[in-house]
Amino acid sequence: MSEPDNYPKKNDSKATVFVRRLSSTVVLLGVVLGGLLCGGAVSVSLVGGLIMLLNIVGLLEFYGMVKENQLPRFKWLGIAGGVLLLGAVFLYLSGLAAKLLGLNPPTIAGVAELEIALLAVFLVVVSVRRVFVHPAPPSFSINGGTVLGVLYVSWLLCFVLKIFFYPVPENAAFDGGVCLLFFILATKCSDIGAYLLGSLIGRHKMIPKVSPGKTWEGFAGAIVLSTAVALVFAHYFGETKLGGMTLLHAALLGPLLAVGAVVGDLVESVFKRDSGVKDSGAFFPGIGGILDLLDSLLFNAPLMFLYLRLFLFND
């Protein structure tokens with residue numbers, strides 16, 4: 001969710017556009033919260049299923065933008081690779097692979113090795129696939145467009161799974177569901193803060209050639225609201241559900257997630273401008289496609305994971 005661009009239809013007021021975007025975000029949060037409240041296997045299944053759905057639709061949208069950009073890609077090979085990567089990470093982190101195959105419990109090192117191995121195999125498969133396609137565009141373009149889709153959508157979504165399933169030490173005061181909710185709310189509230197303040201008092205453009213609607217005032221609103229949400233979570237859940245997150249940590253993490261959200265939105269804006277499209281798709285009313293909803297979350301997921309790994313559980 002970003003500040004209003006110059007794209008809305010003439011008969012759509014800024015208030016109407018904002019209500020549509022907020023409603024779509026509330027729907028997503030409602031599904032996630034419902035899944036988390038169920039607990040146990042139901043929670044794991046709902047979160048995993050939702051992220052896989054976002055992964056598949058996101059890949060379809062990404063490769064659709066590549067096509068609109070008049071660039072080649074191995075669409076179905078990329079989707080298959082993305083599904084395999086995310087599915088394998090889910091099975092490993094959820095513990096299902098350990099139960100079915102008799103593996104050791106999941107670890108951070110283990111999932112990293114799995115990701116690297118699968119991405120390496122995918123790169124090899126894409127390169128070999130190009131060998132047998134004649135005539136075909138240059139391998140740099142068709143291979144690059146295919147691999148970028150899996151990295152941008154599927155691999156970054158893997159970090160969302162790593163937040164939810166983060167393997168913490170025994171007896172640690174940490175709830176992966178609450179942490180995931182913290183991550184989503186802090187990120188999406190930065191989007192809302194940017195939209196609200198940018199709509200009300202935004203005057204100074206950030207990067208008009210990339211996203212004409214974004215202003216420095218909106219950027220300040222993103223930081224303020226994201227930090228406020230982070231501080232509230234740290235105050236009420238820091239010691240009991242978030243592994244000992246302190247108010248100082250929250251005061252630093254809030255602005256970091258706000259900056260990551262804005263940068264993620266700008267990067268996706270570049271994708272759309274290069275492709276000549278307004279939205280990545282039409283999955284959510286008022287927001288556009290799945291990638292229009294996920295852009296900030298995709299860029300912030302690695303940041304949130306690094307916070308868990310380097311600051312909360314760095315033993």
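Let's start with a pair of charged side chains: Glu268 and Lys272 form a salt bridge in which the closest N and O atoms are 3.7 Å apart. Keep in mind as we go that the model is predicted. Both residues belong to helix α9, which covers residues 247–275, and they sit four residues apart, about one turn of the helix. Neither is out in the open: Glu268 is buried, with a relative accessible area of 1%, and Lys272 is buried as well, with a value of 12%. Buried here means under 20% relative accessible area, so the 12% of Lys272 falls within that class.

Lys272 has a further partner. Its side chain also meets that of Asp292 in a salt bridge, with 2.9 Å from N to O. Here the bridge leaves the helix: Lys272 lies in α9 but Asp292 lies in helix α10 (residues 290–312), so the pair ties together parts that are 20 residues apart in sequence. Asp292 is buried too, at a relative accessible area of 4%. Put together, Glu268, Lys272 and Asp292 are linked in a network of salt bridges.

Two packed helices are described by the angle between their axes and the distance between the axes. For α9 and α10, the angle is about 145° and the axes are 8 Å apart. The crossing of α9 past α10 is right-handed.

Helix α10 has another neighbour to look at. The axes of α7 (residues 176–201) and α10 come within 10 Å and cross at roughly 130°. The two helices are therefore oblique to each other, and α7 passes α10 in a right-handed crossing. From α7, the contact is made by Cys179, Phe182, Phe183, Ile184, Thr187, Lys188 and Asp191. From α10, the partners are Leu293, Ser296, Leu297, Asn300, Ala301, Met304 and Leu308. By class, the contact of α7 with α10 has nine nonpolar, three polar and two charged residues.

Back to charges for a moment. A search of the whole structure finds five salt bridges. One of them joins the side chains of Lys162 and Glu115, at 2.9 Å from N to O. This pair links distant parts of the chain, with Lys162 in helix α6 (residues 139–164) and Glu115 in helix α5 (residues 108–131), 47 residues apart.

Our last stop is Tyr63, found in helix α2 (residues 40–68). At 0% relative accessibility, Tyr63 counts as buried. Which residues does Tyr63 touch, not counting those up to four places away in sequence? They are Arg73, Lys75, Gly78, Ile79, Gly145, Thr146, Gly149 and Val150. Finally, the C-alpha atoms of Tyr63 and Ser280 are separated by 9.9 Å, although the two residues are 217 residues apart along the chain.

Conventions. Residues are numbered from 1 along each chain as its sequence is written. This is a predicted model: local features need pLDDT of at least 70, side-chain atom pairs count only at pLDDT 80 or more; totals for chains, interfaces and linings use all residues. Side-chain values use heavy atoms; hydrogens and water are left out. A salt bridge is a side-chain nitrogen of Lys or Arg within 4 Å of a carboxyl oxygen of Asp or Glu. Buried means under 20% relative accessible area, exposed over 50%, partly exposed in between (1.4 Å probe, protein chains only). Axes are lines fitted to C-alpha atoms, for helices over the stretch in contact, and angles run from 0 to 180 degrees between N-to-C directions. Angles under 35 degrees count as roughly parallel, over 145 as roughly antiparallel, 65 to 115 as roughly perpendicular and the rest as oblique. A crossing is left-handed if the near helix is turned anticlockwise from the far one by less than a right angle, and right-handed if clockwise. Contact means heavy atoms within 4.5 Å. Ala, Val, Leu, Ile, Met, Phe, Trp, Tyr, Cys and Pro count as nonpolar, Asp, Glu, Lys and Arg as charged, and the others, Gly among them, as polar.
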